[in-house]
Amino acid sequence: MTIDIKGGAKDLAGIALFVSLVAIIPLVTDSGVALNFVMMALYAALLSQAWNILGGFGGQFSFGHALFFGTGAYFQAMAQLNMGLNPWVALAIAVAGGSVVGVVVGALSFRYGLKGSYFALVTLAFAEVFRILTLSVPFTGAGVGLMLPLQESFANMQFGSRKGYVYLVLSFVTVALLVTWGLKHSRFGAYLQAIRDNEDSARAIGVNPFNIKLGAIAISGGLMAAGGAFYVQVFQYIDPGIAFGPATSVEALVAAIVGGISTLWGPLLGALVLHVLADITRNMFGQLPGINMVIYGVVLVMIVMFLPRGIGGLGATAKSVWVGVWRKKDGQHE
């Protein structure tokens with residue numbers, strides 16, 4: 001994948017600045033509340049960045065990205081509990097497992113030209129199939145789930161405070177940002193966006209849509225699996241409902257849409273905004289369970305109606321509205 005380093009220097013500098021600023025936070029505060037907020041916001045951003053690679057840059061909207069999240073989570077847990085592997089080794093297996101599942105799902109879907117709502121429903125169906133399978137076989141803990149023993153140490157990827165987990169998820173988010181940066185400034189990314197805009201035209205100029213989309217879903221699945229592995233290490237527990245339930249898929253796609261799909265910073269911005277909203281609604285309406293999902297829905301509808309490019313595209317949207325107004329005025333003067 002050839003990358004235009006010079007053209008992406010500004011974005012690369014932005015990534016370096018972002019990582020540096022976030023890395024300072026655990027050094028200046030011991031607040032569990034603040035560190036937990038940063039950790040969970042970064043975790044949500046990771047899921048959203050994973051979805052954005054396939055759904056944003058590739059235009060292949062998925063309603064079942066929990067499929068890859070759950071695969072990573074279960075591989076992470078089973079590699080430790082059933083095979084006795086070190087968690088860092090298990091992480092590599094989990095990421096690889098998510099990518100392999102992505103390739104399998106992509107091969108079955110893209111081979112037959114599934115896209116749009118058909119592809120979205122297929123991913124949702126695969127996630128449900130995997131949920132039922134994990135409920136039925138004993139080595140996944142069935143309906144009881146799997147619980148990791150608490151053994152706090154760096155070697156065991158379990159930390160005594162949220163500081164360690166902040167740095168761990170920040171490293172994942174950094175990788176996801178660099179991958180997105182690479183897509184934005186590489187030929188592979190240009191091919192992927194060309195397929196999103198017009199697959200037939202892309203094919204006509206020599207692009208192989210099947211191979212490009214297969215690569216995108218493999219990358220997306222691997223990053224999503226890293227999110228699942230991180231979840232297991234933080235909470236030391238996973239079950240089929242958490243792993244393959246729709247909530248994870250919704251969280252990933254909503255943050256990307258709110259922040260701005262097919263952008264470098266949109267998923268991060270969307271995750272931050274939604275987590276701030278979640279905290280506010282939890283404090284104000286804590287006695288009303290589910291109110292955060294209602295607010296998510298309202299925010300999503302408002303974004304789609306008034307900010308089709310997301311919050312990250314607010315400047316571009318305002319500019320286009322301003323240009324449209326002035327063009328209208330110029331037409332009236334003529």
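**A glutamine inside**

I began with Gln 76, which at 0% relative accessibility counts as buried, keeping in mind that this is a predicted model. I placed Gln 76 in helix α3, which spans residues 66-81.

Next I asked which polar partners the side chain of Gln 76 has, and found a polar contact with the side chain of Gln 233 at 2.9 Å, while the backbone oxygen of Pro 87 is reached at 3.2 Å. Leaving out residues up to four places away in sequence, I listed what Gln 76 touches, including Ala 90, Leu 91, Met 157, Ala 229 and Val 232.

**Helix α9**

I then turned to helix α9, residues 209-235, whose 27 residues reach 39 Å from the first C-alpha to the last, close to the 39 Å expected at 1.5 Å a residue. I noted that 23 of the 27 residues of α9 are buried, so this helix is largely enclosed by the rest of the structure. At its N-terminal end I found a cap from Asn 208, with a side-chain oxygen 3.1 Å from the backbone nitrogen of Phe 210; just after α9, Gln 236 takes a positive phi of about 55 degrees.

**The nonpolar core**

Last, I looked up the largest nonpolar core, which has 83 residues, and recorded that Phe 18, Leu 42, Phe 230 and Ile 238 touch the most other members. Helix α2, residues 32-57, gives the most to this core, with 15 residues, and at least three residues come from each of domain 1 (9-268) and domain 2 (283-334). For Leu 42, setting aside neighbours within four places in sequence, I noted contacts with, among them, Phe 18, Val 166, Leu 170 and Leu 268.

Note on methods
Residues are numbered from 1 along each chain as its sequence is written. This is a predicted model: local features need pLDDT of at least 70, side-chain atom pairs count only at pLDDT 80 or more; totals for chains, interfaces and linings use all residues. Side-chain values use heavy atoms; hydrogens and water are left out. A nonpolar core is a set of buried Ala, Val, Leu, Ile, Met, Phe, Trp, Tyr and Cys residues joined through side-chain atoms within 4.5 Å. Buried means under 20% relative accessible area, exposed over 50%, partly exposed in between (1.4 Å probe, protein chains only). Helices (H or I, at least four residues) and strands (E, at least two) are DSSP runs, numbered from the N terminus. Domain bounds come from an automatic or database domain assignment. Contact means heavy atoms within 4.5 Å. A polar contact is a pair of N or O atoms within 3.5 Å; within protein, one must be able to donate a hydrogen and the other to accept it, and residues adjacent in sequence count only if both atoms are side-chain atoms. The expected span of a helix is 1.5 Å times one less than its number of residues.
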